[in-house]
Amino acid sequence: MIRGFLYHFLLTLRLNFKNRQALIYGYFVPVFFLIAFGTLFRAGDPPLLRQMSQLLTISVLGGACFGLPTALVSERERGLWRRFRLLPGALVPLLASTLLARTILVAGACLLQIVLAHGIYGTPFPQDPWMLAGGFAAVAAAFLGMGLVVAALADDVPAVQALGQCLFLPLIMIGGVGVPLLALPPWAQCLASFFPGRYAVDALQAGYSGEGTAGVLAFNLEALGLFALAAGAAGARLFRWDGAQRMGRPGRLWVAGAVVPWLAVGAFSAATGRWHALGPVNTAAAITGAELNAISFERLPPDDGIFTPIAPPDFAKGLSPADKARLDAIAFNLGTWAPANDPDPSQSIRALLNVAAVADVAEDRLEGPIARTVLNLLFARYRRQDLVHGLAWIALRPGEGEARSSVAEVGVPGRIDPKEVRARSAIYAAKFLGRIRGRIAD
Amino acid sequence: MTPPPPAISVRGLRKRYGNAEVVSGVSFEVAPGEILGLIGPNGAGKTTTLECLLGLRQPDEGDIRVLGIDARARPDEVRQRIGAQLQVSALPDAMTPRQALRLCGAFYRSPVEPEELLRTFGLAERSDARFSSLSAGQARRLALALAFVNDPQVVVLDEPSAGLDPASRRDLHRLIAAQRSARRAVVFTTHYLEEARSLCDRIALLDRGRLLALGPPEELVAGSKVRPRLIVELRPPLARDSLAALAGVGRCDPEGAGWSLETDSLPGTLAGLAALAAASGTELAEVRLRRPTLDDVFFELTGRSRAEDEPA
């Protein structure tokens, strides 16, 4: 039995690479999606980082909704599974090897996307490949289980296409897979929590960019595991090796059983507020002592220079009443500005640094005093430990988190390239950090 | 000493699809080395009977044993010992005969080497060809080779000669006949009655799910109520009435340029015919005897006419 399983597994992989249609659907289409996403999101910083989980999910979803059931149903139509049924104890290992081979093929397509995204757009490689692999396994299990159900429901290959689209399109459009969850209105975000796609995207993103807490990741993996269990059990139970087999009432109950976890997980998410899209990447808590110590303060631009100036502590003496009034207004606005009051201290610190950075790049007349105002606010508001971690995170990983290219609402005009804002924020972070750690005299 | 169990034993087999009973209490046995042919018109229940035997269908009632093993209780044990060729079972386009044999063989305890099967079934030269490039005959031979991949003690073939050219059919007949010496029990379905007559030790005639007759072909023919016919051609021809009045003649039908005389007294009819010809100065241009055949038995027992269900 093991011999048969292994031989069929390897043979399925070999035959797949001899099938032009399978290659087009399995590899060309994922690359097409990569190029399409790259065209839309190449301006991201880093490019495509936050879309990679969506791309990978689309590839797995395509393999599950179309690749797997099309192969199974066409083989059934040709009588192949009827022939396999005559072999002793063969159906379960052959089905298992088919699923494993499909998982490997989809993994290959995902790997191709990762490498091409890096090569073409400079998208970073996954931050935690093992976590990504774990997430991928859960996503593949959940979606391929759905593929088994589609194969059981479809009487022929055209029916696979129709049923597959019924799954694929909603997940792509409002399930958080194709259209980013953050871009959806709240009602759609809430609705998306009733589809498995968003949990797949979040689980993969955790491995790709460290997004989400351990609790969120665990929840996503548990949800995917539940989907996989229900769909896999239904798909295996309803598996049709002969086209003449028909699904009776118990079969329809099994199909319903495969969808019940979607509703249960969605209801739980809605009840516990988990339906919100995850925020931007934040790995401040993961900054190690070694990383902190490796930050250099020696080649930073001078405080009285053109780049990233900081006014001296007694800067207020030389200010005109009008400038002083403007600066007071900015300080007041910063106190109530929502991004500066984000519950995540690292993100609120980044938002405040963005204000100094925008003033700097926009060559605001008060760029130095604004930076000093931000520095004073940071020192007054945050605990030393939070401040150290937040500033180190911004200095070490300028590309993470959310960068604000415009902060006009606090009284600092200008719209700046987000990349520039991130770069200047990183320099300010190092300058402020140097002061806290006693490496830069103020 | 207990006699060895029959290779196949089917008792009271019943199978229903909805309200239609497609197999109604069929029973038969096949001994090791025996060849049994299942014949019958379309929809007779031949394929369903084989599918129940192979475990592809779950019977509603009945007992099926293969080599003494309960096929319903231990289907995988039976599958280890049984080889089968189905009517339709294509392989993936890119799969080669060697790969197919190796794949199927991997599930058996003692598989036959693919090379040996490829040689036996005349596929050695096409062993690494894509399935899609095989001719219909080669594909059929591969399906047959797959039936022998486990060196089975029982072979089940569903219409093995359908679609084969005469040469391939002759090879198939040789192969089936050779199973006697290998002590393999063979059950096959066919629409070719002549094939069944020449190959089978016994024939089971099915119609509408019921077993109408079971026995050696000669016995089935001998037991037929169909009477022999004399085919006669006279020059100049004689009137029908004079022929119909001959001793023993039941029916007189035109056939070709002459007449077909159904008789229950062959010597009496022949003697009368000779006397009639001499008396009327007519030449007996042709006299042939047509004994009842399996075809006659088939149409007699199924109650169908030749025009209604002419075998392919």
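This is a predicted model: local features need pLDDT of at least 70, side-chain atom pairs count only at pLDDT 80 or more; totals for chains, interfaces and linings use all residues.
**Stop 1: two crossing helices in chain A**

Now show side chains where the helices meet. On α5(A), pick A:Leu99, A:Arg102, A:Thr103, A:Val106, A:Ala107 and A:Cys110. Their counterparts on α6(A) are A:Phe136, A:Ala140 and A:Leu144.

**Stop 2: the nonpolar cores**

Stay in chain A and look for the largest nonpolar core, which has 155 residues. Inside this core, the residues with the most contacts are A:Val139, A:Ala142 and A:Leu224. Helix α6 of chain A, residues 129-153, supplies the largest share, 16 residues.

Center on A:Val139. Which residues does A:Val139 contact, leaving aside neighbours within four places in sequence? They are A:Thr57, A:Val60, A:Ala200, A:Ala203, A:Leu204 and A:Leu224.

For a second, separate core, select A:Leu352, A:Ala357, A:Ile370 and A:Leu433; these are among its 42 residues.

**Stop 3: where the chains touch**

Color the two chains differently and look at their contact. Chain A and chain B each give 21 residues to it. On the chain A side, highlight α1 (2-16) and α4 (80-85), the elements that give two or more residues. Helix α1(A) gives the most, with six residues.

**Stop 4: a sheet in chain B**

Move to chain B and find an open sheet of six strands, in the order β6-β7-β8-β3-β9-β10, with mixed pairing. Its edge strands are β6 (82-85) and β10 (210-215), each pairing on one side only. On average, neighbouring strands are turned by 15° against each other, ignoring direction.

Zoom in on β9, residues 202-207 of chain B: five bridges join this strand to β10(B), and the two run antiparallel. To see one pairing, select B:Ile203, whose bridge partner in β10(B) is B:Gly215.

Helix α1 of chain B (46-54) lies across β3, β6, β7, β8 and β9, at about 145° to β7(B). Helix α5 of chain B (136-147) lies across β6 and β7, running at about 165° to β6(B).

Conventions:
Residues are numbered from 1 along each chain as its sequence is written. Chains are lettered from A and ligands numbered from 1 in the order in which they are written. Two strands pair if DSSP finds at least two bridges between them. Helices (H or I, at least four residues) and strands (E, at least two) are DSSP runs, numbered from the N terminus. Axes are lines fitted to C-alpha atoms, for helices over the stretch in contact, and angles run from 0 to 180 degrees between N-to-C directions. Two residues are in contact if their C-beta atoms, placed from the backbone, lie within 7 Å. A nonpolar core is a set of buried Ala, Val, Leu, Ile, Met, Phe, Trp, Tyr and Cys residues joined through C-beta atoms within 7 Å. A residue is buried if 20 or more other C-beta atoms lie within 10 Å of its own, exposed if 12 or fewer, and partly exposed in between; C-beta atoms are placed from the backbone.
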